[in-house]
Amino acid sequence: MNTKQLCSLLAAGALTAGVTLAALPGVAGADTPTPATPARSLDVAKARCTAAIDIRLADLTRLDASLSAAKNTTAAHKGTQTASNTAAATGLTSLKAKIASDTDAATVASDCRSIYEGYRVFALRAPQTHLVIAGDAESFAVTKLDGVVPKLSDAIDKAAAAGKDVTAAKAALTDLQAKVADAGTHANGLADSVIGDVPADYNANRGLLDPARANAKAAAADLKAARVDVTTILATVRGTSTAKG
C-alpha cells in the first residue's frame, strides 16, 4: 500500500466516524448541538468526500497518460483499459455532483462509501492498468528475444569456427532460451487475465490481482536474467580470446 492509499483509507475512516456521529442524535457525552453544528458537520463530510474523488480523478488522468505513452501495449488493450478508466472518471464526476447536493449525513456517508466500493481506483484500476502495460511489454520483449536467439546462435558458431572459446557463450545461450520460454509462459495472457476485472470482483476477492502480479514479477526476473545472458554471449563472440589447444 502506497502513501496515497494509506492517506485515503485514513480519510475514509475519519469521514465514516464523523458522519455516523453526526447522524446519531443524543450521543453520550455530546451537548445538544446548536442549529449550525449539523450543517458544519455535513459540509466537512462533503469536503472530505469531494477531496477523495478529486485525487482519484487525478490518478485516472495519470493512468490514461501512462497508457497513451506505453509503446508496446496493444491498441485493443489500450482501448479497453482507457474505456474502463474513463467510465470510472465519469461515474466519480457524477457522484461528486450528487454529494454536493446531498442534504443529510446518512446519504453523504453512503455516497462516500461508493467512492471506494464502487470504483476502486487505487486498489483495482491503477494496478490493473500497470499490469496491462507490463504484460504487453513483457510479451513484446519475449517476441524480440525469440527473434534474436537464432542470430546469437549463428554468431556463436562463427566465433567457434574462428577459434574462440565459446563455452560461456553456449551456456548463456542455453540459459537464455530457458529464461525466454519461462518469461513467455508468465507473460502470455497476463493483460487479458486482469483487463476485464471490475470493482465488484475486487470487493469479493481482495487477492484478485495477486496471480497477475506474481506472473509479471516472474517474467520480469526472467527477462532481466536473459539480458545478462545476451551480454555474456556478445562479449564472447566479439572478444579476441581464442581456445587453447
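Me: Axes are lines fitted to C-alpha atoms, for helices over the stretch in contact, and the angles between their N-to-C directions run from 0 to 180 degrees. At what angle do the axes of α3 and helix α4 cross?

Reply: Two packed helices are described by the angle between their axes and the distance between the axes. Here the axes of α3 and α4 (residues 105-117) cross at roughly 165° and come within 10 Å. That makes α3 roughly antiparallel to α4, a label for angles over 145 degrees, whereas under 35 is roughly parallel, 65 to 115 roughly perpendicular and the rest oblique. One caution before we go on: this is a predicted model, in which local features need pLDDT of at least 70 and side-chain atom pairs count only at pLDDT 80 or more, while totals for chains, interfaces and linings use all residues. Residues are numbered from 1 along each chain as its sequence is written, and side-chain values use heavy atoms, leaving out hydrogens and water.

Me: Which residues in α3 and α4 meet?

Reply: Contact means heavy atoms within 4.5 Å. From α3 come Leu92, Leu95, Lys98 and Ile99, and from α4 Thr107, Asp111, Ser114 and Ile115. By class, this contact of α3 with α4 has four nonpolar, two polar and two charged residues; Ala, Val, Leu, Ile, Met, Phe, Trp, Tyr, Cys and Pro count as nonpolar, Asp, Glu, Lys and Arg as charged, and the others, Gly among them, as polar.

Me: How do α3 and α5 cross?

Reply: Their axes come within 10 Å at a crossing of roughly 165°, so α3 and α5 are roughly antiparallel to each other. α3 passes α5 in a left-handed crossing, meaning that the near helix is turned anticlockwise from the far one by less than a right angle (clockwise would be right-handed). His77, Gln81, Ser84, Asn85 and Leu92 in α3 meet Val121, Arg125, Gln128, Thr129, Val132 and Asp136 in α5. That contact of α3 with α5 divides into three nonpolar, six polar and two charged residues.

Me: Is threonine 129 buried or exposed?

Reply: Buried means under 20% relative accessible area, exposed over 50%, and partly exposed in between (1.4 Å probe, protein chains only). Threonine 129 has a relative accessible area of 0%, so it is buried. You will find threonine 129 in helix α5 (residues 121-161). Leaving aside neighbours within four places in sequence, threonine 129 is in contact with Leu63, Leu67, Gln81 and Asn85.

Me: Where does threonine 73 lie?

Reply: Look in the loop between α2 (36-69) and α3 (75-101). Threonine 73 counts as buried because its relative accessibility is 7%. Beyond residues up to four places away in sequence, threonine 73 touches Leu67, Lys78, Val132, Ile133 and Asp136.

Me: And what is the accessibility of glycine 79?

Reply: Glycine 79, found in helix α3, is partly exposed because its relative accessible area is 41%. The C-alpha atoms of glycine 79 and leucine 67 are separated by 9.2 Å, with the two residues twelve apart along the chain.

Me: Stepping back, how many helices and strands are in the protein?

Reply: You can count nine helices and zero strands; helices (H or I, at least four residues) and strands (E, at least two) are DSSP runs, numbered from the N terminus. Of the 245 residues, 36% count as buried. Among contacts between residues at least 6 apart in sequence, 82% join residues at least 24 apart.
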